[in-house]
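Keep the viewer open and check each pair as you go.

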Amino acid sequence: MSDLFSALLLGIIEGLTEFLPVSSTGHLLIAQHWLGSRSDFFNIVIQAGAIVAVVLVLRQRLWSLASGLGQADNRDYVLKLGTAFLVTALVGLPVRLLGWELPETVTPVAIALIIGGLWMLLAEKRASLLPDRTTVTWTVAVGVGLAQVVAGVFPGTSRSAAAIFLAMFLGLSRRAAAAEFVFLVGIPTMFAASGYALLEMASEGQLGNEAWVEVALAFVASALTGFVVVKWLLGYIKNHSFNGFAWYRIALGIGLLLLLPAGS
């Protein structure tokens, strides 16, 4: 299989799984087991490609927030988005610099998939017992920021899953409201992560070693696929729970433990 076709497939897989609460890391691990491993920069940048999809899908919401800062509700929402991002940055950067991250190998990813699936079932159960709430509290904002850090430390957790379901557990019981907030926080989070990875490569003199055409192809594939997935998911969760994704995660985690070597 050519490297370009491999990059295309990885970009599509990233776009399909970045926003579904099933762990893009787990799926890329499986794919790269056969398609060949890629650099951390490649994996981070194609995640940013999926974030471009969110910008496109939620462009009207972004514009209404940006143009409506004179309204108290919009200012409050934007401040909470900023708070969630700052919590992620201020806690996550020291964690990254200290190297507090489990390896992206089968065992930790599979365990995170299973635990995350059980956590999703618990959060769905709790949310079903709460009144229908759409207001993002400061507790939810801080919790979403911390959840993104946890997802970075434990590959396989899924950034979107960790953040969405903690938001629901903390009282933001309407799924669509929780997903929208998390997706919006993901825009600066993933773009900042990509920029940081680029600066790291530049400081180490590694920019010339990256397969830029393959990165670009995977980025575009991730963005296009992610656009379709985000539009579908935001419609789907208006009338359906996330429980099906939770059981899928549990089954995938068990399958990884049974079928792939522990160190791969």
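**Rings, charges and helices**

The charged end of Arg-61 sits over the ring of Tyr-77, and the distance to the ring centre is 4.5 Å. Keep in mind that this is a predicted model.

Q: Over the ring of which residue does the charged end of Arg-38 sit?
A: For Arg-38, the charged end is 4.9 Å from the centre of the ring in question. That ring belongs to Phe-42.

Q: How many helices does the protein have?
A: From the N terminus on, the elements run α-α-α-α-α-α-α-α-α-α-α. There are zero strands to go with them, and the number of helices is eleven.

Q: What is the radius of gyration of the protein?
A: The C-alpha trace spans about 50 × 40 × 35 Å along its principal axes. For 264 residues the globule rule gives 18 Å, and the protein comes close to that, so it is as compact as a globular protein of that length. Its own radius of gyration is 18 Å.

Q: Among contacts between residues at least 6 apart in sequence, what share joins residues at least 24 apart?
A: A contact here means heavy atoms within 4.5 Å. Taking the pairs at least 6 apart in sequence and asking which of them are at least 24 apart gives 83%.

Q: What part of the accessible surface belongs to carbon and sulfur atoms?
A: Buried residues make up 48% of the 264 residues. The accessible surface comes to about 12,300 Å², and the part from carbon and sulfur is 68%.

Q: Are the planes of Phe-19 and Phe-183 stacked or edge-to-face?
A: This is one of eight aromatic pairs in the structure. The ring centres are 5.1 Å apart and the planes sit at 70°. Planes over 60 degrees apart count as edge-to-face, so the Phe-19 and Phe-183 pair is edge-to-face.

Q: How many residues apart are Phe-19 and Phe-183?
A: Phe-19 is in the loop between α1 (3-17) and α2 (24-35), while Phe-183 is in helix α9 (residues 175-203). Both residues are buried. The pair links distant parts of the chain, and the separation is 164 residues.

Q: Which helix holds Trp-212, the partner of Phe-41?
A: Phe-41 and Trp-212 form an edge-to-face pair, 5.4 Å centre to centre with 70° between the planes. Phe-41 is in helix α3 (residues 40-57), and its partner is 171 residues away. Trp-212 sits in helix α10.

Q: Phe-41 counts as buried, but is Trp-212 buried, exposed or partly exposed?
A: Phe-41 has 7% relative accessibility. Trp-212 has a relative accessible area of 38%. Buried means under 20% and exposed means over 50%, so Trp-212 is partly exposed.

Q: What is the phi of Ser-23?
A: Ser-23 is found in the loop between α1 and α2, and it is buried with a relative accessible area of 1%. Its contacts beyond four places in sequence include Ser-158 and Arg-249. Although Ser-23 is not a glycine, its phi is positive, at about 80°.

Q: Where is Ser-158 found?
A: Ser-158 also has a positive phi, about 85°, without being a glycine. With a relative accessible area of 8%, Ser-158 is buried. Its place is the loop between α7 (138-153) and α8 (159-169).

Q: How far apart in space are Gly-226 and Leu-16, C-alpha to C-alpha?
A: Gly-226 lies in helix α10 and is buried, with a relative accessible area of 0%. Leaving aside neighbours within four places in sequence, Gly-226 is in contact with Gly-15 and Ala-53. Gly-226 and Leu-16 are 210 residues apart in sequence, yet their distance in space is 5.8 Å.

Conventions: Residues numbered from 1 in each chain as written. Predicted model: local features only at pLDDT ≥ 70, side-chain atom pairs only at ≥ 80, totals over all residues. Heavy atoms only, no water. Phe/Tyr/Trp six-rings, centres within 6.5 Å; stacked < 30°, edge-to-face > 60°. Helix = DSSP H or I, 4+ residues; strand = E, 2+ residues; numbered from the N terminus. Buried < 20%, exposed > 50% of the residue type's maximum accessible area, 1.4 Å probe, protein only. Lys NZ or Arg CZ within 6 Å of the ring centre and 35° of its normal. Rg over C-alpha atoms; globule rule 2.2 N^0.38 Å. Areas by Shrake-Rupley, 256 points an atom, 1.4 Å probe, with all protein chains shown as cover.
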